[in-house]
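Please keep the sequence and the model in view while reading.

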Amino acid sequence: MKLNLNIQPLESWIKTGKEPLLIAGPCSAETEDQLVATAHLLAKTGRVSALRAGIWKPRTRPGEFEGIGSIGLEWLKRAKEETSLPTAVEVATAKHVEEALKAGVDILWVGARSTANPFTVQEIADALKGVDIPVMVKNPVNPDLTLWIGALERINNAGITKLAAIHRGFSSYEKSAFRNEPMWDLAISLKTLAPELPIINDPSHITGNRDLIPYIAQKALDMDMQGLMIESHIDPSIAWTDAKQQVTPAALVELIDNLTLRKPEVRNVEVNDKLHELRNQIDKIDDLVIQKIAERMQIVEKIGNYKKDNNITILQVSRWDEILHKRTSYAKALKLSTEFTEKLLELMHSESIRKQTEIMNAGQEVPAEKLTHA
Ligand SMILES: C=C(O[C@@H]1C=C(C(=O)O)C=C[C@H]1O)C(=O)O
């Protein structure tokens, strides 16, 4: 299934000639000097397509710097006049939208905390009705693809067609090197559901650590994301927010220069022929894999019927354990990762359990009305 979004290409609202497409600027606008000086250095690099700056900062706890507020819009205006860089800010309320529009901000984005709340997103969407401005929607804090899609749909339904998603990673309880887990699968699912929707990666918020930015930025380009949003500060050591993840404009250029640009396709006939030949091999193998899984399921059905006739439980922990051990060690010998093999086996096992449950309980299914929420 594909999403039904009405989207204009990225080229219609941002200069995309520079590779990769780069939106950069300080995490927060702190002082007029800091913002304007950073903007000048970024513009001078010739690599940046838009200047970002947080004016209103939704902080997790009160008492931290919550953004400079509306005065920052004036500084952004000056930065734009002096550098010609279009400007981008985060909006979290209808009032923010109103003020940003009045101040001539070029691009708005909806932050991760706002995306997680459909009331907030709807308020922003309502404030955008009848306005022609690009809007980027960050993924929600929690790893919930539907919330991300819902926010994009609400903004799109308000008539915003210059739309993009920002992948900034997800909160996770698991200890990790990253501030926010990239959970690439979610971004890949979004791209699969809406191939025309540009996705901008935000390695600054994913990593929370400037040293890790290059790895995430490279992976984002390799995942065919359309651009990068990277926090850049004239002097990160004294930044008021996110000091550890910001980079100087000079470091930003070095980082970008070290990325390898890859395209979804190349025009070289020889390369394409070789790729085609390898993909043909994959097609044949995939067909065989599916065929073998179907054969396995037919045997599972026989086992299910046999267990039913003889009153044997569906789940057989020791047999399942034996399968997990034997298969993972065999797979390991064939250079497959244990994590992958386990996932694959677990998927097959749960389908096997589902199938046998269906056989065992034929005619005794829970009535549909009992399955609906009270
Ligand atoms: C198929 C069986 O039932 C279940 C499913 C298994 C499988 O799909 O391999 C293994 C053990 C059981 O939990 C079985 O008992 O062999």
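## Domains and basis of the model

The centres of domain 1 and domain 2, taken over C-alpha atoms, are separated by 42 Å. The domain assignment of the chain places domain 1 at residues 10–257 and domain 2 at residues 269–366, the bounds coming from an automatic or database domain assignment.

This is a predicted model, in which local features need pLDDT of at least 70 and side-chain atom pairs count only at pLDDT 80 or more, whereas totals for chains, interfaces and linings use all residues. Residues are numbered from 1 along each chain as its sequence is written.

Two packed helices are described by the angle between their axes and the distance between the axes. Here helices (H or I, at least four residues) and strands (E, at least two) are DSSP runs, numbered from the N terminus; axes are lines fitted to C-alpha atoms, for helices over the stretch in contact, and angles run from 0 to 180 degrees between N-to-C directions. Helix α1 (residues 32–45) packs on helix α10 (residues 249–257) at an angle of about 30°, the axes lying 9 Å apart. The two helices α1 and α10 are therefore roughly parallel to each other, given that angles under 35 degrees count as roughly parallel, over 145 as roughly antiparallel, 65 to 115 as roughly perpendicular and the rest as oblique. The crossing of α1 past α10 is right-handed, a term used if the near helix is turned clockwise from the far one by less than a right angle, anticlockwise being left-handed. On the α1 side the contact is made by Thr38, Leu41, Leu42 and Thr45, and on the α10 side by Pro249, Leu252 and Val253, where contact requires that C-beta atoms, placed from the backbone, lie within 7 Å. By class, this contact of α1 with α10 holds 5 nonpolar, 2 polar and no charged residues; Ala, Val, Leu, Ile, Met, Phe, Trp, Tyr, Cys and Pro count as nonpolar, Asp, Glu, Lys and Arg as charged, and the others, Gly among them, as polar.

Helix α3 (residues 94–102) and helix α5 (residues 118–128) pack at about 35°, with 8 Å between their axes, and α3 passes α5 in a right-handed crossing. Ala94, Val97 and Glu98 of α3 meet Glu123, Ile124, Asp126, Ala127 and Leu128 of α5, a contact that divides into 5 nonpolar, no polar and 3 charged residues.

## Helix packing: α11 with α13

The axes of α11 and α13 come within 9 Å and cross at roughly 40°, which makes α11 oblique to α13. Their crossing is right-handed. Residues of α11 including Ile293, Met297 and Val300 meet residues of α13, among them Met348, Ser352 and Lys355; by class, the contact of α11 with α13 has 7 nonpolar, 4 polar and 4 charged residues.

## Ligand shell

Around the ligand lie Val300, Ile303, Ile314, Leu315, Gln316, Arg319, Trp320, Ile323, His349 and Ser352, each with its C-beta atom, placed from the backbone, within 6 Å of the molecule. At least two shell residues come from each of α11 (269–310), α12 (317–333) and α13 (338–360), and α12 gives the most, with 3 residues. The shell divides into 6 nonpolar, 3 polar and 1 charged residues.

## Backbone details

The peptide bond from glutamate 19 to proline 20 is cis, with omega near -10°, and proline 20 is placed in the segment before β1 (21–25). Serine 84, although not a glycine, has a positive phi of about 65°; serine 84 lies in the loop between α2 (71–83) and β3 (87–91).

How values were computed. Two residues are in contact if their C-beta atoms, placed from the backbone, lie within 7 Å.
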